[in-house]
Amino acid sequence: MARFDPPLDGAAQDETRDLRPKFDDDGLIAAIAQDVETDEVLMLAWMNEEALRKTMETGRATYWSRSRKTIWVKGESSGHIQEVADILVDCDQDAVLLKVRQHGGACHTNRKSCFYRRLEGSGTVLSFTGPDR
């Protein structure tokens with residue numbers, strides 16, 4: 001499998017039309033999944049080079065599990081797949097935004113989104129923003 005070209009320096013990275021992902025020291029890039037129809041942010045996960053390539057090739061969101069140290073395809077065991085409709089890359093290419101068609105819950109808690117709690121005021125209390133499950 002061919003590797004991505006390395007990132008460019010400075011403004012050249014911001015302006016290039018070439019995909020040159022800037023993986024961190026652990027070889028990872030942040031991946032945000034967003035519902036293509038509602039724009040709701042569903043989850044944040046991580047991709048290594050293989051996960052990004054597989055996502056591009058298959059149209060199924062594929063991530064890197066930092067805890068299990070392995071590739072995983074979203075919905076592989078739960079059936080709650082993410083069909084990728086579009087991939088956007090941020091300015092310096094150290095994050096990607098996946099516009100997805102989510103089938104079932106995006107969160108491992110079986111909620112629609114992983115972002116189901118809101119920080120209340122200036123304290124440390126979290127309130128639930130939607131149904132418990």
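Where does D26 lie? D26 is found in the loop between α1 (11-15) and β1 (29-35). The model is predicted, so that local features require pLDDT of at least 70 and side-chain atom pairs pLDDT 80 or more, whereas totals for chains, interfaces and linings use all residues. Residues are numbered from 1 along each chain as its sequence is written, and side-chain values use heavy atoms, without hydrogens and water.

View 1. D24, D25, D26 and D94 form a negative surface patch. Patch residues have over 30% relative accessible area and no salt bridge, with like charges joined within 9 Å and nonpolar side chains (Val, Leu, Ile, Met, Phe, Trp, Tyr) within 5 Å. A salt bridge is a side-chain nitrogen of Lys or Arg within 4 Å of a carboxyl oxygen of Asp or Glu. D26 is exposed, at a relative accessible area of 65% (exposed, over 50%; buried, under 20%; partly exposed, in between; 1.4 Å probe, protein chains only).

View 2. I32, V41, L44 and F115 make a nonpolar surface patch of about 330 Å². V41 belongs to strand β2 (residues 41-47) and is partly exposed, with a relative accessible area of 36%. Strands (E, at least two residues) and helices (H or I, at least four) are DSSP runs numbered from the N terminus.

**View 3. Strands β3 and β4.** In strand β3 (residues 62-65), T62 and W64 on one side and Y63 and S65 on the other are all buried. Strand β4 (residues 70-73) runs antiparallel to β3, joined by four bridges (pairing requires at least two DSSP bridges). T62 stands opposite V73 in β4. Four residues separate the strands of this hairpin, in which K69 takes a positive phi near 60 degrees.

Technical notes. Areas by Shrake-Rupley, 256 points an atom, 1.4 Å probe, with all protein chains shown as cover. Lys, Arg positive; Asp, Glu negative; His and termini not counted. Charge placed at Lys NZ, Arg CZ, Asp CG, Glu CD.
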